[in-house]
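Thanks for coming. I will go through a handful of residues one at a time, and then turn to charges.

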Amino acid sequence: MQKRITTSGPLHDENGKLIETGYATKLLRTYDRSRVAAKRTRIKEWDYYAVCTDRFALALTIDHNGYMTMDSISLLDFEKNKQVTKSVIGLPFMKKRELPITSEKGDICVKGKEYMLSFENDGHDRRLIGFMNNFSGRETVSFDLYLTDAPKESMVIVTPFRDHPEAFFYNQKINCIRVAGCIRLGHEEYTCDPSDTFAVLDWGRGVWTYDNTWYWGSASGLADGVPFGFNIGYGFGDTSAASENVLFYGGKIHKLGQVKFKIPQKDGKDHFMARWKFTSDDGRFKMKFEPVMDRSSKTSLGIICSDQHQLFGRFTGTAVLDNGRKIRINNLMGFAEKVRNKW
């Protein structure tokens, strides 16, 4: 049974306790930093956009992890089997940073030596602008993208953590946002056509426990000419009230139960570049996933560690809507990831 949040109001009460947990189809609960029952250095906030096509993908991150900030650009060219990720780490006490308290409206612009990232949102459409010098060798990457036609419904979830009343994750995933514009790397151009190019927004605000592993998968595209996508994931927090697993179809979400990621093994370890499988406990989601590129990184800074594998590839299988209609998917480009953070 999935508990749905249907009433609006604050996310926390005056003592910092979550008022309600579960899932919703929009941001009904209001996030307020002043009500969070943890020090500011433990609050983690991020806006992450991923644009994915058959030819390329662009991933953009602006975040504030409490004790540090990170701005990141990733560009992956699947045809040339080439990828570049550059991140800039900063200290928040040296330059104040406030991310919007809602995904519905608000801008965030960050600048540094040789780079700029700007996420603009006027309440109707979004614009992503930025550049980074010396991104690939001496080549500069730049982009100017317009995001429109976001679906009316999205995946929103309030997740608590057992035995840690101050910890929570308030998360929204908006799939199937149409993208127009251009990305440039040196003399190379990557054109985004809104007829078949889509983005996903991962909007996250919360307080996390120290050691967590999460699994996340996402894809957006067309099914018989209709915008279709999905969000699947698990691995952290208490998800007894609801999972984050949903289908997107024609602007509406269709709720799934629990979804299991089956990552192949080799010599007792995850074999990330082999074929993955996904199944839901309600039988409504069955997918195979053929990876084409692993955007991986591993960082160890004493007590702060991160081991990330974000695999881009193609999903093939079936998904069943709430009305019983079966959607067949063939080679839909998206990503699936396994991430462990000690933070």
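Cysteine 176 sits in strand E13, which covers residues 168–185. This is a predicted model, so please hear every value as computed from that model. Is cysteine 176 buried or exposed? Its relative accessible area is 5%, and since buried means under 20%, cysteine 176 counts as buried. Its backbone deserves a remark too: phi of cysteine 176 is near 60°, a positive value in a residue other than glycine.

Aspartate 224 also has a positive phi without being glycine, and here the value is near 55°. Where is aspartate 224? It lies in the loop between strand E16, residues 211–223, and strand E17, residues 226–234. With a relative accessible area of 69%, aspartate 224 is exposed. So, for these two residues, cysteine 176 is buried in a strand, whereas aspartate 224 is exposed in a loop.

Next, another loop residue. Threonine 197 belongs to the loop that runs between strand E14 (188–192) and strand E15 (198–207). Its relative accessibility is 3%, so threonine 197 counts as buried. What does threonine 197 contact, once neighbours within four places in sequence are left aside? The list is Val51, Thr53, Ile177, Arg178, Val179 and Cys192.

Now to the start of the chain. Glycine 9 is part of strand E1, residues 9–10. Not counting residues up to four places away in sequence, glycine 9 touches Leu28, Arg29 and Thr30. For a sense of distance, take glycine 9 and valine 110: they are 101 residues apart in sequence, and their C-alpha atoms are 30 Å apart in space.

On to the charges. Side chains of opposite charge can pair when their charged atoms come close. How many salt bridges does a search of the whole structure find? It finds 22.

Arginine 33 is buried, at a relative accessible area of 19%. The cut-off for buried is under 20%, so arginine 33 falls inside it with its 19%. Glutamate 98, in contrast, is partly exposed at 39%. This pair also belongs to a network of salt bridges that links Arg33, Arg40, Glu45 and Glu98.

The next pair is glutamate 166 with arginine 42, where the N to O distance is 3.4 Å.

The last pair is aspartate 144 and arginine 127, with 2.8 Å from N to O. Here both partners are in strands: aspartate 144 in strand E11 (residues 139–148) and arginine 127 in strand E10 (residues 126–136), 17 residues apart. Aspartate 144 is partly exposed at 27%, and arginine 127 is partly exposed at 25%.

Which residues form a positive surface patch? They are Lys260, Lys262, Lys277 and Lys288. Of these, lysine 262 is found in strand E20, residues 259–262, and it is partly exposed, with a relative accessible area of 43%.

There is a negative surface patch as well, formed by Asp107, Glu120, Asp122 and Asp125. Glutamate 120 is in strand E9, residues 115–121, and at 30% relative accessibility it counts as partly exposed.

To recap the charges: the search finds 22 salt bridges, one network joins Arg33, Arg40, Glu45 and Glu98, a positive patch includes Lys262, and a negative patch includes Glu120. I will stop there and take questions.

Technical notes:
Residues numbered from 1 in each chain as written. Predicted model: local features only at pLDDT ≥ 70, side-chain atom pairs only at ≥ 80, totals over all residues. Heavy atoms only, no water. Patch = residues over 30% accessible without salt bridge, like charges linked within 9 Å, V, L, I, M, F, W, Y side chains within 5 Å. Areas by Shrake-Rupley, 256 points an atom, 1.4 Å probe, with all protein chains shown as cover. Salt bridge = Lys/Arg side-chain N within 4 Å of Asp/Glu carboxyl O. Lys, Arg positive; Asp, Glu negative; His and termini not counted. Charge placed at Lys NZ, Arg CZ, Asp CG, Glu CD. Helix = DSSP H or I, 4+ residues; strand = E, 2+ residues; numbered from the N terminus. Buried < 20%, exposed > 50% of the residue type's maximum accessible area, 1.4 Å probe, protein only. Contact = heavy atoms within 4.5 Å.
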